Amino acid sequence: MESLNEKKLLPERMLRQVFGIFTVICFAAAAIMPDRADAFAGLGRICTQSGQTVKSYFDVSYGGFAGTFLNVALVCLVMTLLYMLPGAKPDGVSALAFFLTAGFCFWGTTILNIWFTFAGVVLYCIIRKKQVGAMANAVLFSTGIAPLITEMLFHYPAAEWHGWTVSGVLIALAVGIFIGFMVVPGLGYSPKVHKGFDLYSAALPIGLIAFFLRSLLYKVFLPEPPASVGVGLGDSFTLICNAFCLVVFGGALIWGLVLGGGKQYGALIRDSGYNVDYLSKYGAPTAIMNLGVYGLFTLAYYNLIGANWNGATLGIVFCMVCCFAKGSHPLNVLPIMLGYAAASFIAKYVCGLTGADFNMAVNAQAIMIGLCYASGLCPISGEYGFLAGILGGMFHYTLVTCVPLMHGAFCLYNGGFTAALTCMILIPVLEHFFKTRSEKAKA
């Protein structure tokens with residue numbers, strides 16, 4: 001028989017609490033922002049404007065602060081309720097899906113564009129006679145192409161905004177259903193390709209689906225996708241972004257410590273991060289403590305490199321920290337960070353020799369986003385060692401800005417997709433010449 005205290009610390013129960021508390025914090029943030037009177041108008045602008053490429057929803061032409069936090073809060077509320085449905089058993093992957101989707105709500109996902117791919121997965125569940133709650137992770141991962149849904153709703157096939165139309169809704173629904181039916185089988189197959197070394201496993205099927213849809217919709221049916229540029233990326237709201245992160249991660253650290261998470265944290269931070277769920281292996285309090293420690297570590301890194309704290313930057317912090325229960329911790333992510341820094345310095349030096357323009361500094365927006373998902377390669381450093389992690393970071397740095405050409409910048413999981421490609425290149429070489437930590441232990 002489980003004691004009352006043990007029941008309170010059950011991973012499923014505690015994850016739902018984490019989701020709920022984060023949702024409340026986002027609602028509170030929306031309520032105290034200086035532009036709170038414009039929150040609903042900002043939310044409307046977010047939902048109806050293009051999400052292609054990177055947009056900082058903090059920009060006044062989009063949501064502003066209050067509208068952005070309201071968007072995040074509403075999507076998080078939907079996700080929290082989804083994990084309360086019959087059959088839902090939230091785990092480390094669920095934590096990844098929740099915070100990854102929450103992070104994208106700052107620059108690509110909206111309370112409007114999520115429903116069309118949701119419909120696809122729900123219809124899949126009806127046909128296959130599965131509980132929607134049991135497929136909650138897949139429901140959230142299906143939103144990885146959310147900007148394309150907005151494009152179908154309000155622009156396609158014209159380049160200009162045409163507003164609400166019946167044809168726009170039907171096209172968006174058809175695309176969403178297609179995505180939903182394609183994502184679910186792909187999620188099961190993806191780990192076989194990267195062998196578990198890409199924590200953002202869902203990015204591979206999402207990236208390939210986005211590649212196919214970009215080709216179909218904008219090459220076969222139309223000559224090319226619409227031109228798009230970043231919005232609000234030069235802005236920096238350091239105080240607001242840092243304060244929000246300190247509340248979330250500081251609170252998680254204190255909560256984890258109070259619940260006794262410190263007892264197992266030393267073991268967690270020495271874990272390779274390969275094929276592991278920290279919730280089941282070390283317990284929910286330790287995983288929550290890792291959310292705090294890893295989050296503060298990530299926050300410190302982006303401050304150290306001089307990041308512009310716009311909405312997209314705040315979003316990628318949560319997209320990076322989302323793996324706190326599924327393999328990431330500061331020690332196995334550090335080599336990836338160093339690999340990015342090393343690649344940037346080498347690129348700058350070579351560009352100086354050749355006279356080429358250098359636009360891939362470690363604090364460039366595209367590179368900061370790239371590092372966020374390169375962190376998903378941390379099992380490489382955990383299993384193959386520090387230098388292998390650095391090499392993985394350098395490979396990812398080289399590829400990440402080229403991959404959007406494949407999917408027309410509609411795939412939010414671009415960096416995770418790049419991590420899968422990195423694994424396909426690097427893992428066979430590592431397997432051929434080196435042994436993993438697990439293999440060395442058995443020898």
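Q: Contact means heavy atoms within 4.5 Å; with which residues is Ser 201 in contact, leaving aside its neighbours within four places in sequence?
A: This is a predicted model, in which local features need pLDDT of at least 70 and side-chain atom pairs count only at pLDDT 80 or more, while totals for chains, interfaces and linings use all residues. Residues are numbered from 1 along each chain as its sequence is written, and side-chain values use heavy atoms, with hydrogens and water left out. Ser 201 is found in the loop between helix 9 and helix 10 (203-220), where helices (H or I, at least four residues) and strands (E, at least two) are DSSP runs numbered from the N terminus. Leaving aside neighbours within four places in sequence, the contacts of Ser 201 are Ser 190, Pro 191 and His 194.

Q: Does Ser 201 count as buried or exposed?
A: Buried means under 20% relative accessible area, exposed over 50% and partly exposed in between, with a 1.4 Å probe and protein chains only. The relative accessibility of Ser 201 is 16%, so this residue counts as buried.

Q: Which residues does Gly 196 touch, not counting residues up to four places away in sequence?
A: Gly 196 also has its place in the loop between helix 9 and helix 10, and is buried, with a relative accessible area of 12%. In sequence Gly 196 and Gly 416 are 220 residues apart, although their C-alpha atoms are 13 Å apart in space. Not counting residues up to four places away in sequence, Gly 196 touches Pro 191, Tyr 274, Asn 275 and Pro 379.

Q: What is the relative accessibility of Ile 206?
A: Ile 206 lies in helix 10 and, not counting residues up to four places away in sequence, touches Phe 141, Ser 142, Gly 144, Ile 145, Val 183, Cys 411 and Tyr 413. Ile 206 counts as buried, because its relative accessibility is 0%.

Q: Why is helix 5 largely enclosed by the rest of the structure, and how many of its residues are buried?
A: Helix 5 (residues 92-104) reaches 18 Å from its first C-alpha to its last, close to the 18 Å expected at 1.5 Å a residue, the expected span being 1.5 Å times one less than the number of residues. The buried residues of helix 5 pack against helix 2 (11-32), helix 4 (64-82), helix 7 (136-141), helix 13 (278-282), helix 15 (311-321) and helix 17 (365-374). Helix 5 is largely enclosed because the number of its residues that are buried is 12 of the 13.

Q: How does helix 2 run relative to helix 4, roughly parallel or roughly antiparallel?
A: The axes, which are lines fitted to C-alpha atoms over the stretch in contact, come within 8 Å and cross at roughly 155 degrees, with angles running from 0 to 180 degrees between N-to-C directions. Angles under 35 degrees count as roughly parallel, over 145 as roughly antiparallel, 65 to 115 as roughly perpendicular and the rest as oblique. The crossing at roughly 155 degrees therefore makes helix 2, relative to helix 4, roughly antiparallel.

Q: What is the handedness of the crossing of helix 6 and helix 9?
A: The axes of helix 6 (residues 114-128) and helix 9 (residues 166-194) come within 7 Å and cross at roughly 55 degrees, which means that helix 6 is oblique to helix 9. A crossing is left-handed if the near helix is turned anticlockwise from the far one by less than a right angle, and right-handed if clockwise. The crossing of helix 6 and helix 9 is right-handed.

Technical notes
Contact = heavy atoms within 4.5 Å.
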